[in-house]
Structures are given as C-alpha cells and as structure tokens.
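Biologist: I would like to go through this model with you, one question at a time. Please show it first.

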Amino acid sequence: KDVSFGESLTSLGSHAFDGCSSLTSAMLPNSVTYINSYSFNDCTSIQSVSLGNARAIESHAFFNNMSLKNLTMSPKLQTIEDYGFYRTQTLEDISLPATLSSIGDYAFYYSGINDIIIPSSVNNIGEGAFEDSDLRSVRFGDGPVSMGSGCFANSRLQNVVIGDKLTEISSGCFEGCSNLTDIHIGSSVTTIGQSAFSGCSK
C-alpha cells in the first residue's frame, strides 16, 4: 500500500502510522516540516520514504522499518532524534543535508548504511548513533562535533577521516570495529577516550 498526501499537510502526529505493516511507501509533500515521534514506527514493509521539507524527525519516527531502502532526505532537516532510524538494516545509501545539526542516540543503530559524510553543520552525534551498523566508511566535515560514547562501535568500518576541528574521540567510539584499517585523526584532537579503539584488531 502506498500513501500520498496533499500540500496542505504540515506535520505528522505521534503514532500517526504506527504498526501499519502493509504500508510500502510514504511520499511526504514539501509542506511537511515536522515528523512526530513514532509516526512510522514498526512499518515493517515500507521501502520508500520522502521526508518533504521536514526540519525535525522525532524519536522512533522510523523505528524498525526493516524494509526501508530508499530515503529522500529533507534539504532543511536540522535534527534526527533518538532512535529515529533504528533497525533500518536494508537502508544502504543516504545523504545528510548541510542543515543538519544533531544526530540523536542510536539514531541509525543496526542500519545498513555503507558510507556516510557527516556535514560540517553537525555539532552532536549521540551515543551509539551508528553502532552495529554496516558502515564501511565515514568522513567528518570541518565542524567541532561532539560524539557520544560508542557512536560507531561494532560497525564494519574500514576507513575513517576525522576533521581538523574535532577535539575529542569519545569513549568506546570505535570499539569493536575489527575491520578498521585506515584512520586519519585531525590535528585538533587532544583527547582519545577509554576503549575508543579497543578491539580494532586489524
């Protein structure tokens, strides 16, 4: 089942389509600026989503969308809250917009994303944000981003490039990334936290 919306829609309330397990796509219009918590929670068959012009994605909005493959990001997105895209293991490619400032705790936990560029606009990446994901490569922009503990832990990372304005690598940040072979640490890093690279056996 597909769902389409008129241009009069500006926001989705919490739990709006929660548990709609037969829903396969949701193309939000450009008039949408806000996606509330649990809006598409447990939509296990959804494959394609367009976020319109959403500025905020609240917690658990796309939680457990295990079939999601195609995600068109909003060019005005500012925040992805905790567990926003938790357990989206078929989602392989996304492009984060230059307006994004915050990625919440476990936002992309167990996602299928392969490569990602963190825009310079991002100033916070939450705890476990990309933990247990399929990430192979991550490149940070030049922003002074703060990272929560274990934000890339146990992922499949092979290559990491850390920008020159990041000052601290958080505790457990890359813990268990056993495939990590190539990392560039920027010139401003002054602190590497406990167990930051523990288990990076290669």
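Modeller: Some terms come first: two strands pair if DSSP finds at least two bridges between them. Helices (H or I, at least four residues) and strands (E, at least two) are DSSP runs, numbered from the N terminus. This is a predicted model, in which local features need pLDDT of at least 70, side-chain atom pairs count only at pLDDT 80 or more, and totals for chains, interfaces and linings use all residues. Residues are numbered from 1 along each chain as its sequence is written, and side-chain values use heavy atoms, with hydrogens and water left out.

Biologist: In which sense do S14 and S16 pair?

Modeller: Strands of a sheet pair through backbone hydrogen bonds, either parallel or antiparallel. Asn 159 stands opposite Asp 182 in S16. Three bridges join S14 and S16, and the sense of the pairing is parallel.

Biologist: How many aromatic pairs does a search of the whole structure find?

Modeller: Rings of Phe, Tyr and Trp (its six-membered ring) pair if their centres lie within 6.5 Å; planes under 30 degrees apart count as stacked, over 60 as edge-to-face and the rest as tilted. By that rule, the number of aromatic pairs found is 16.

Biologist: Is the pair of Phe 130 and Phe 152 stacked or edge-to-face?

Modeller: The ring centres of Phe 130 and Phe 152 are 5.3 Å apart. Their planes are at 5 degrees, so the pair is stacked.

Biologist: How many residues apart in sequence are the parts that Phe 130 and Phe 152 tie together?

Modeller: Phe 130 lies in the loop between strand S11 (124–125) and strand S12 (137–140). Phe 152 lies in the loop between strand S13 (146–147) and strand S14 (159–161), so the distance in sequence between the parts is 22 residues.

Biologist: Is Phe 152 buried or exposed?

Modeller: Buried means under 20% relative accessible area, exposed over 50%, partly exposed in between (1.4 Å probe, protein chains only). Phe 152 has a relative accessible area of 0%, so Phe 152 is buried.

Biologist: What kind of aromatic pair do Phe 140 and Phe 152 form?

Modeller: The rings of Phe 140 and Phe 152 are 6.0 Å apart, centre to centre. There are 80 degrees between the planes, and the pair is edge-to-face.

Biologist: Which residue forms a salt bridge with Arg 156?

Modeller: A salt bridge is a side-chain nitrogen of Lys or Arg within 4 Å of a carboxyl oxygen of Asp or Glu. A search of the whole structure finds one. The closest N and O atoms are 3.5 Å apart, and the partner of Arg 156 is Asp 134.
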